[in-house]
Amino acid sequence: QVQLAESGGGLVQAGGSLRLSCAVSGRTSSFYTMGWFRQAPGKERELVARITWTRGSTYYSNSVRGRSTISRDSAKNTVYLQMDSLKPEDTAVYYCAASRSEYGYDFWGQGTQVTVSS
């Protein structure tokens with residue numbers, strides 16, 4: 001059974017940085033993409049970054065492009081999201097997710113809270 005566990009969230013001042021981690025347990029050989037999503041209060045969940053598990057190709061949303069870097073360590077079965085120049089509008093619960101195809105995400109973590117103070 002696949003399980004995802006996020007860590008690394010917290011409270012940070014605007015302009016600061018955080019690195020989120022997503023530890024994956026279980027079979028990863030069938031993974032296609034890993035994604036980081038976020039959901040702020042009263043807003044819909046949005047994809048902020050994703051990375052293909054095998055090739056490492058990346059995608060970033062306009063909201064974080066240039067300020068964030070997604071990476072993965074296949075040996076450790078861990079995906080990271082480095083976030084720099086954080087803004088108050090980055091405040092949200094961040095979730096990692098894994099997909100086995102291009103048609104959606106199959107596994108989700110519990111989420112980690114990121115709060116950016118102004």
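These are my notebook entries on a few things I looked up in this predicted model.

**Ground rules**

I'm working with a predicted model, where local features need pLDDT of at least 70, side-chain atom pairs count only at pLDDT 80 or more, and totals for chains, interfaces and linings use all residues. Residues are numbered from 1 along each chain as its sequence is written, and side-chain values use heavy atoms, with hydrogens and water left out.

**Entry: the disulfide**

I started with the cysteines. A disulfide is a pair of cysteine sulfur atoms within 2.5 Å, and by that rule I get one. Cys22 is joined to Cys96, with S to S at 2.0 Å. The pair links distant parts of the chain, since Cys22 sits in strand S3 (residues 18-25) and Cys96 in strand S9, 74 residues apart. I noted that strands (E, at least two residues) and helices (H or I, at least four) are DSSP runs, numbered from the N terminus. The S-S torsion is about 55°, so this disulfide is right-handed. Are the two cysteines buried or exposed? Cys22 and Cys96 are both buried; that word means under 20% relative accessible area, while exposed means over 50% and partly exposed lies in between (1.4 Å probe, protein chains only).

**Entry: strand S9 and its partners**

Next I followed S9, where seven of the eight residues are buried. Two strands pair if DSSP finds at least two bridges between them. S9 pairs antiparallel with strand S4 (residues 33-39) over seven bridges, and there Tyr94 of S9 is the bridge partner of Arg38. With strand S11 (residues 112-117), S9 has three bridges, again antiparallel; Val93 stands opposite Gln113 in S11. Strand S10 (residues 107-108) runs antiparallel to S9 and is joined to S9 by two bridges, with Ala97 opposite Trp108.

**Entry: the four-stranded sheet**

I also traced an open sheet of four strands, in the order S1-S3-S8-S7 with antiparallel pairing. S1 (3-7) and S7 (68-73) are the edge strands, each pairing on one side only. In this sheet S3 and S8 share six bridges, and Leu20 stands opposite Leu81 in S8.

**Entry: Asp90**

Where is Asp90 found? I located Asp90 in the loop between strand S8 (78-83) and strand S9 (92-99). Asp90 is buried, at 1% relative accessible area. Its side chain makes polar contacts (N or O atoms within 3.5 Å, where one must be able to donate a hydrogen and the other to accept it; residues adjacent in sequence count only if both atoms are side-chain atoms). One goes to the side chain of Arg38 at 2.9 Å, and another to the side chain of Arg67 at 2.8 Å.

**Entry: salt bridges**

Last, I checked salt bridges (a side-chain nitrogen of Lys or Arg within 4 Å of a carboxyl oxygen of Asp or Glu). I find four in the structure. Asp90 and Arg38 form one of them, with the closest N and O atoms 2.9 Å apart. Asp90 lies in the S8-S9 loop and Arg38 in strand S4, so this pair ties together parts that are 52 residues apart in sequence. Arg38 also meets Glu46, at 2.7 Å, N to O. Arg38 is buried at 6%, whereas Glu46 is partly exposed at 30%. Arg100 and Asp106 meet in a salt bridge as well, at 3.6 Å. Arg100 is partly exposed at 47%, and so is Asp106 at 35%. Which residues do shared partners join into one network? My list reads Arg38, Glu46, Arg67 and Asp90.
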